[in-house]
Amino acid sequence: MIDVVDKERQALDPKLKDLLEHEEEEARDFIYCGTCSTVIGKNSDRIEVTGSHDHRFANPYGFLFHIGCFSEALGCSIAGTPEAADSWFMGYQWRIAACSECQRHLGWYFDRVTPGSESDFFYGLILDRIQHD
């Protein structure tokens, strides 16, 4: 059974139909804060760092984190002084990345100590603290 929306779309101008489909794809591309649902970034900003998008690490206190790497996370605010000690990525220093709305800790902002050939910065977001469509 074809639903009413599908019938209406079939009647649309092809350019308008493409535009609407593109907007729907973009809407499905967002990632959100798992606490307050603020848009944090896009799934399409996923990147690989040292050969993988996701990584599992333990901090010096033994807390385990499953993070994903993103080239941007504009919905995060960055706090703290850059710290090279205990960095999970050689050559990168880290700062805390939190939701800009509710301030929930969502991960870390990593930037190169010395600019190099790879990405000069990226976000390592805690995957169980974000949500996506």
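A residue is called buried when its relative accessible area is under 20%, exposed when it is over 50%, and partly exposed in between, with a 1.4 Å probe and protein chains only. At 21% relative accessibility, Ser 87 therefore counts as partly exposed. The structure is a predicted model, in which local features need pLDDT of at least 70 and side-chain atom pairs count only at pLDDT 80 or more, while totals for chains, interfaces and linings use all residues. Residues are numbered from 1 along each chain as its sequence is written, and side-chain values use heavy atoms, with hydrogens and water left out.

The chain contains two helices and nine strands; helices (H or I, at least four residues) and strands (E, at least two) are DSSP runs numbered from the N terminus. Along the sequence, the pattern is α-α-β-β-β-β-β-β-β-β-β. Of the 133 residues, 32% count as buried. A contact is defined by heavy atoms within 4.5 Å, and among contacts between residues at least 6 apart in sequence, 43% join residues at least 24 apart.

Ser 87 is found in the loop between strand 5 and strand 6. Not counting residues up to four places away in sequence, Ser 87 touches Tyr 92, Trp 94 and Phe 110. Its C-alpha atom is separated by 9.1 Å from that of Asn 59, 28 residues apart along the chain. Asp 86 lies in the loop between strand 5 and strand 6 and has a phi near 65°, a positive value in a residue other than glycine. At 54% relative accessibility, Asp 86 counts as exposed. A positive phi, near 50°, also belongs to Thr 50, a residue other than glycine. Thr 50 is located in the loop between strand 2 (39-42) and strand 3 and is exposed, with a relative accessible area of 59%.

The aromatic residues come next. A pair of aromatic rings is described by the distance of the centres and the angle of the planes. Here, rings of Phe, Tyr and Trp (its six-membered ring) pair if their centres lie within 6.5 Å; planes under 30 degrees apart count as stacked, over 60 as edge-to-face and the rest as tilted. A search of the whole structure finds 11 aromatic pairs. One of them is the stacked pair of Phe 57 and Trp 88, at 4.8 Å centre to centre and 10° between the planes. This pair links distant parts of the chain, 31 residues apart, with Phe 57 in strand 3 (residues 54-58) and Trp 88 in the loop between strand 5 (76-83) and strand 6 (92-99). Phe 57 counts as buried, at 19% relative accessibility.

Phe 110 and Phe 122 form an aromatic pair that is also stacked, with 5.0 Å centre to centre and 15° between the planes. Phe 110 lies in strand 7 (residues 105-112) and Phe 122 in strand 8 (residues 121-126), so this pair ties together parts that are 12 residues apart in sequence.

On a 1 Å grid over the protein atoms alone, a pocket is an open set of points where a 1.4 Å probe fits, with protein on both sides within 12 Å along at least five of seven lines; lining residues have an atom within 4 Å of a point. The largest pocket has a volume of about 190 Å³, the volume being the space filled by probe spheres set on the points, which are joined across faces, edges and corners. Its lining comprises Asn 59, Pro 60, Tyr 61, Asp 86, Trp 88, Trp 94, Ile 96, Trp 108 and Phe 110. Strand 6 and strand 7 each supply at least two residues of this lining.

A nonpolar core is a set of buried Ala, Val, Leu, Ile, Met, Phe, Trp, Tyr and Cys residues joined through side-chain atoms within 4.5 Å. The largest such core has 13 residues, and those with the most contacts inside it are Ile 40, Cys 76, Leu 106, Tyr 123 and Leu 125. Strand 1 (30-33), strand 6, strand 7 and strand 8 are the elements that give two or more residues to this core. Apart from it lies another core, of 12 residues, among them Phe 57, Ile 67, Tyr 92 and Phe 110.
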